[in-house]
Amino acid sequence: MGGSGSRLSKELLAEYQDLTFLTKQEILLGPTGSPACARAHRRFCELLPLERRSMEESLQARVSLEQIFSLPELKANPFRERICRVFSTSPARDSLSFEDFLDLLSVFSDTATPDIKSHYAFRIFDFDDDGTLNREDLSQLVNCLTGEGEDTRLSASEMKQLIDNILEESDIDRDGTINLSEFQHVISRSPDFANSFKIVL
Amino acid sequence: MPGRAAARPGSEDPAARPSPRGAAPDSASAVSSSSDPAAEGDDAGVPTARTPDGEGEPHSQHRDARLGSTDKKLKAGATAAGSAPTAPRSSRQPEPRVEVMDPAGGPRNLLPRPCRVLVLLNPRGGKGKGLQLFRSHVQPRLAQADVSYRLMLTERRNHARELMWEEELGRWDALVVMSGDGLMHEVVNGLMERPDWETAIRKPLCSLPAGSGNALAASVNHYAGYEQVTNEELLNNCTLLLCRRRLAPMNLLSLRMASGLRVFSVLSLAWGFIADVDIESEKFRRLGEMRFTVGTLLRLAALRVYRGQLAYLPAERVASKVPATPALDRQDQQGPVDTHLVPLEEPVPAHWTVVPEQDFVLVLALLHSHLGSEMFAAPMGHRAAGAMHLFYVRAGVSRAMLLRLFLAMEKGRHMECDCPYLVYVPVVAFRLEPKDGKGMFAVDGELMVSEAVQGQVHPNYIWMVSEPSSRLEPQPPPPSQQPPHVPPPEDPV
């Protein structure tokens, strides 16, 4: 893929390096020998109609969430919708630009620090965007995992048991919600987090 | 065999030396001396509060109330008698005690009174509260019950294991592990690595929960008939059991890894969903408490499958079949012979059941009823001598179903979910071979990487503080007393 005119210029590369956590090394060489950023760009362009894949157009274009969901790396992710909404900068938060896409990938890459990852995880799980994870947020989180179908969702009592368990473990100040620092604290003790919060193209 | 480690006992806490009157200096209540006759019968007087169907008052409260009245009786006794013992106990020469494991048939299933125990405690375990909990909840009760102790704090991983290599076991009537299952794992393996392992492993053990990885304590609590409780209540129950001094034999799982490593498990081996954690980071080498957190949900979100091959020897098939010739490690005299196992390079014996190679979500071999203080994983009954529980979950189970199973496990009701992906069978031996490279195993919560693993149960091999179940047969003598039995080679089928 790629071809005429879609290679990033050095200036743009430098600019993107400042904006994201991908180091220049990774942008230029990457762990597998190919530029991670350029790879991201190629994948992004694949989602655009053929005529809009020029360098200038692609950097201005926005891709709908549905199109981003079609990426195999996101297709199976139960939180893909929240992930995309968190990184979307469009007013209706329904589309991603290439910059948004790069931000997403950099947070999910190996080079982002656990602090950054947990910060974004918190935002992703904060379904009502009110700055804390309350029972309703947790309930929606679980529903993403189980599916919304009648036969797959947890019953009310199962949900209550699960959320009670989570709050018991995480809600240190016992105010019924999990704030950012409580969340980061419990995440830091979880070995699963690094593996679950990884998207590598 | 380990070389002589430069063992330093963990920092010895001066305040932990048994005080003359058996009372902790900071203990609030005036506790009588051990010579007070009123103290003699009181332990026996505390009723065995068994739970009828788990209903009624929470057990721990019930129990505490009775201990409270015992306290009052003791206090009254002390003030009435008024006299102090003539000499502090700690300065007396230790008087000869009946050896607990007396082959001549002495009181094998009871700790002596008074008794001396070594307490191993990881001060960083259980959110760092272990030591505090020992002081507040355990120490006063030990004092009342004529249990004198020495406290050894472990400083790092494998410290307890090394301490066990060097420890003069004759000094102690029991080894008390107050930390988590991981520390008990280290203690048992340390004992088995000694030259005198055959007698060392008979030293009675006690597990006191300190906030993380308390499956053993939760299981013992369950065997005693108490309600399922957590945290301080669980600690109180287990401390009480130690004060009651009764011992019961427990199974031990001998494991052999592809690398040739041999390891003993007191509780469990897990592969797949339960064990899949990031072993790169040093702080995650031990699983810690199995419970539901946001982290578990994340793992559920990233649910994957694990390809492998599983085989096992069902418990019911053992009586009718002569075990295979122990071809393993004939030169290896350390530890019991695994008579059911053949070398990993060879196929499993013909009388084993082979589960066709497939994708699994998890495989779990479990020696006890609980996987965590709120994970009642094996409700199907007291582990029979010589058998362990084998569970596996096949791929295809949905996240919702898996979540439901784990939630139901809190009350031991997961078997009622009738999940077709969940299989249970009691076994005496098993073999597990991951087929997508090396597998991550959690042995008693300790993370290990291996290409394949197999193991078998050694029945009634260790002694732990626990109410002996009335449903068990009278205890056979520990295997090390019997002459080793080498069966004739089985005829090829």
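Predicted model: local features only at pLDDT ≥ 70, side-chain atom pairs only at ≥ 80, totals over all residues.

Student: How many residues of chain B are in contact with chain A?

Tutor: 24 residues of chain B, against 34 residues of chain A; contact means heavy atoms within 4.5 Å.

Student: And the area buried between them?

Tutor: About 2,500 Å², with carbon and sulfur atoms giving 63%. Buried area is the accessible area (1.4 Å probe) that two parts lose on being put together, summed over both. Val294(B), Leu298(B) and Leu407(B) supply 25% of what chain B buries against chain A, more than any other three residues.

Student: Which residues form the salt bridge?

Tutor: Arg404(B) and Glu158(A), with the closest N and O atoms 3.1 Å apart. The rule, a side-chain nitrogen of Lys or Arg within 4 Å of a carboxyl oxygen of Asp or Glu, finds 1 salt bridge across this interface.

Student: Which elements of chain B give two or more residues to that side?

Tutor: α10 (294-301) and α11 (399-409) of chain B. The largest share, 8 residues, comes from α10(B). Helices (H or I, at least four residues) and strands (E, at least two) are DSSP runs, numbered from the N terminus.

Student: Switching to chain A: is α3 mostly buried or exposed?

Tutor: 8 of the 11 residues of α3(A), residues 36-46, are buried, so this helix is largely enclosed by the rest of the structure. Among them are Cys37(A), His41(A) and Phe44(A). Buried means under 20% relative accessible area (1.4 Å probe, protein chains only).

Student: What does UniProt list for chain A?

Tutor: An unreviewed entry gives "domain: EF-hand" for residues 113-148 and 158-193; such annotations may be inferred rather than shown by experiment. Residues 113-148 are 67% helix and 0% strand, with their end C-alpha atoms 33 Å apart.

Student: Last one: where does Leu118(B) lie?

Tutor: In strand β1 (residues 115-121) of chain B. Leu118(B) is buried, at 0% relative accessible area. Not counting residues up to four places away in sequence, Leu118(B) touches several residues, including Met152(B), Met164(B) and Trp172(B).

Definitions and conventions:
Residues numbered from 1 in each chain as written. Chains lettered and ligands numbered in written order. Heavy atoms only, no water. Buried < 20%, exposed > 50% of the residue type's maximum accessible area, 1.4 Å probe, protein only.
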